Amino acid sequence: MAFRLLPRDETFFDLFERAAENSLVGAEALADLCRDFSGVEEKVRHIKELEHEGDRITHETLDRLNRTFVTPLEREDIHRLVSGIDDVLDHIDATANRLYLYEIDRPTDAMKTMADVLVRACQEVKITVGYLRNLRQAAEINQHCIEINRLENECDDLLRQALKHLMKDRKDDPIAVIKWKEIYEKIEIASDKCEDVANAVQAVMLKHA
Amino acid sequence: MAFRLLPRDETFFDLFERAAENSLVGAEALADLCRDFSGVEEKVRHIKELEHEGDRITHETLDRLNRTFVTPLEREDIHRLVSGIDDVLDHIDATANRLYLYEIDRPTDAMKTMADVLVRACQEVKITVGYLRNLRQAAEINQHCIEINRLENECDDLLRQALKHLMKDRKDDPIAVIKWKEIYEKIEIASDKCEDVANAVQAVMLKHA
Amino acid sequence: MAFRLLPRDETFFDLFERAAENSLVGAEALADLCRDFSGVEEKVRHIKELEHEGDRITHETLDRLNRTFVTPLEREDIHRLVSGIDDVLDHIDATANRLYLYEIDRPTDAMKTMADVLVRACQEVKITVGYLRNLRQAAEINQHCIEINRLENECDDLLRQALKHLMKDRKDDPIAVIKWKEIYEKIEIASDKCEDVANAVQAVMLKHA
C-alpha cells in the first residue's frame, strides 16, 4: 500500500456498503412478502426496522463526516450518496406499508414482477457502490450504471402495463384503483432512486477521473 | 469586527432569513385556515401573496448573486438554499389552493395536526437557516437538522394514518378520496422540502468544516 | 479565435443543443397529437422513439465525459444539464403514453393549452442551453430563465383550473378523474423539469461569473 501523508478514512466505504446491503435486504424482504403474503404485519414491521437501521447508518455517516478532517470523497458527495441509498429503502418501506395499511388481499402478478426487478436493481446498486473504493474502474462502473438504468426502464414498462390493466380490470372499484396505483408508483420510484444513486456514483467518478 | 481584505456581503444571510420567515408565516396561515375554516377564499389568496413574496425574495437573491463578486457561501449553495426554502412555501400554497379549489367542506383532524407539525418544521428551518451566519456551530446545526428529520417522519406517520382512515371512511365517495389524498400528500411534501433545506444547510456546513 | 493551451471540446455544446432540440420536437409532437387526435398509437410510438434518441444523446455525452481530459464546464454540471434535458422528454413521453394506455377518447381543451405552453417552455430551454457556449451573457440568460419560470407558473395555473373542472364535470366517473389527473400532472411535471434545466444553466453561469 502506497505511503500517504494522511491516511484516508476507509470507514466511509464500509458505511456505503452497509447502507447498500441494508437496502438490498429490504428489497428482498418486499419480494418475499409479495411471493408469500402471510404474516403481513410482521413482515412489514421487519421492513420498517430495516428502514430505521438505514437511518442509523445515514446518521453515523454524517456524524463521522463532522469528525473527519480528510475525507476520501468530497463531503457533499458522501452526503448525497448515503442519502440516495437511504431514499431507495424509504420507498421500499412506504410500498410495504401501503400493502398492509390498505388491507390488500393479495399482491398481483405485476407487483411480484416489479419487486423482483427492484431486487436486481438493488443488487446492482450494491456492486456499483462497492466500486467507490476504486474509482479508476470506469468501464465497470459505467456498465453497472447502464444495467441499473435498464432495470429502471424495465420497472417503468411494468408500471405502465400494470396501470393499463388496473384501469380496465378494476374499473368498478375506484378505491382499489387508487390504492394499487399508489403501490405500483411507489415501487417504481424506488427503482428511480436506484438510478439516482447510480448517477451520484458516476458524478463522483467523473470528478476523480 | 475583524478586518477582512474584501468585506463579505452579509445581505445573503438577511435574504435567507426573510425567505425562511416568509415560509413560516405561510405555514402558520395554513394552520390557521385549518383551525378556523372561514373566509377561505380570502385566506387562500393571502397565502398566494406570501408565495409571490417568496418568489420576489428568490429573484432578489439571484439578482444579487449576479452583481456580487465575493459571496459568503458558494454561489450554487446560495442558489440551492433559497430555492429550497421557496419550495416549502410553494407546497404550502398548493395545499391551501386545493382546499379552496376542491370546495372542501371542512378540514379533517388529520389535516389540522399535519399543519401544526409543518409549522414546527418551518420554525426549525428558520432557526437552522439562521446558523448559516456562523457555520462553526456544527453541534447546534445538526441538532436542529435532526429535529427537522424527526418532524418529517412524524408528518409521514400522520399521512399514513390519514390515508388508512380515508380509504375506509370515504370508500363510498372516491372523488373525496382523490381530493383528500392529494391534499394530505401535498402537505407531507412541504415537510419533505423542509428536510431538503436542512440537508442543504448540512452540506454547506460540511464544506466549510 | 484566441489561442488556448488545450483546445476545449466544443462537442458538449453540440450535444446539449441536440438534446434540447430533441425535447422540443417531442413537445411539438405531443401538442400535435392533442390538436389532431388521430393515428394515436403511431404518434405515441414516434414520441417514444424520440425519448430513446434522448437516451442515446445522454449516453453519448457521458461516454465523451469519460474520454475527455479538459471539459468546457465542470463534469458534474455537464451530467446535470444533460440529465435535466432528458427528464423533460421522459415526462413528455410518459404523458403521451398515458393518453394511449388509458384509451382516452379525445384530449380536453385544458390538455391542448398545457401542451402549447410546454412547447413554448421547451423553445426557451433550447435558447437558454444555447447560451452555455457564452456564459458572459448573464442578462440574456436570466431573461430566458425568468420566462421559463413564468411558463411553469402558467402551466401550474392551468393544472389547477383543469383539476377544479375535472372534479366537478367528471364526478360520476372516478376512473376518468384518476386518469386525467395523472395526465395533467405529468405534463405539468414536464414544465417543472424545464425549470430545473433553467436552474442548472443559472447555477453554471454563477460558477463562471
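**Close-up 1. Packing of helix H2 (residues 40-67) of chain C in a predicted model**. The buried residues of H2(C) pack against H1 (11-35) and H3 (75-101) of chain C and against H6 (174-207) of chain A. Those buried residues are C:Val44, C:Ile47, C:Leu50, C:Glu51, C:Gly54, C:Ile57, C:Thr58, C:Thr61, C:Leu62 and C:Leu65. Buried means that 20 or more other C-beta atoms, placed from the backbone, lie within 10 Å of the residue's own; 12 or fewer counts as exposed, and in between as partly exposed. Helices are DSSP runs (H or I, at least four residues) numbered from the N terminus. The end C-alpha atoms of H2(C) are 41 Å apart, which agrees with the 40 Å that its 28 residues should span at 1.5 Å a residue; the expected span is 1.5 Å times one less than the number of residues. The model is predicted: local features need pLDDT of at least 70 and side-chain atom pairs count only at pLDDT 80 or more, whereas totals for chains, interfaces and linings use all residues. Residues are numbered from 1 along each chain as its sequence is written, and chains are lettered from A and ligands numbered from 1 in the order in which they are written.

Close-up 2. C:Gly26 is buried, because 30 other C-beta atoms lie within 10 Å. Leaving out residues up to four places away in sequence, C:Gly26 touches C:Ile47, C:Leu50, C:Glu51, C:Leu89, C:Ile92 and C:Asp93; contact requires C-beta atoms, placed from the backbone, within 7 Å. C:Ile92 is 66 residues from C:Gly26 in sequence, with a C-alpha to C-alpha distance of 6.8 Å.

**Close-up 3. Crossing of helices H5 (residues 138-169) and H6 (residues 174-207) of chain B**. The two axes come within 9 Å and cross at roughly 165°; axes are lines fitted to C-alpha atoms over the stretch in contact, and angles run from 0 to 180 degrees between N-to-C directions. H5(B) is therefore roughly antiparallel to H6(B), a term for angles over 145 degrees. The crossing is left-handed, meaning that the near helix is turned anticlockwise from the far one by less than a right angle. The contact residues comprise 18 nonpolar, 3 polar and 7 charged. Ala, Val, Leu, Ile, Met, Phe, Trp, Tyr, Cys and Pro count as nonpolar, Asp, Glu, Lys and Arg as charged, and the others, Gly among them, as polar.

**Close-up 4. Contact between chain A and chain B**. Chain A contributes 14 residues and chain B 17 residues. On the chain A side, H2 (40-67), H3 (75-101) and H6 each supply at least two residues. H3(A) gives the most, with 6 residues.

Conventions
Parallel < 35°, antiparallel > 145°, perpendicular 65-115°, else oblique. Contact = placed C-beta atoms within 7 Å.
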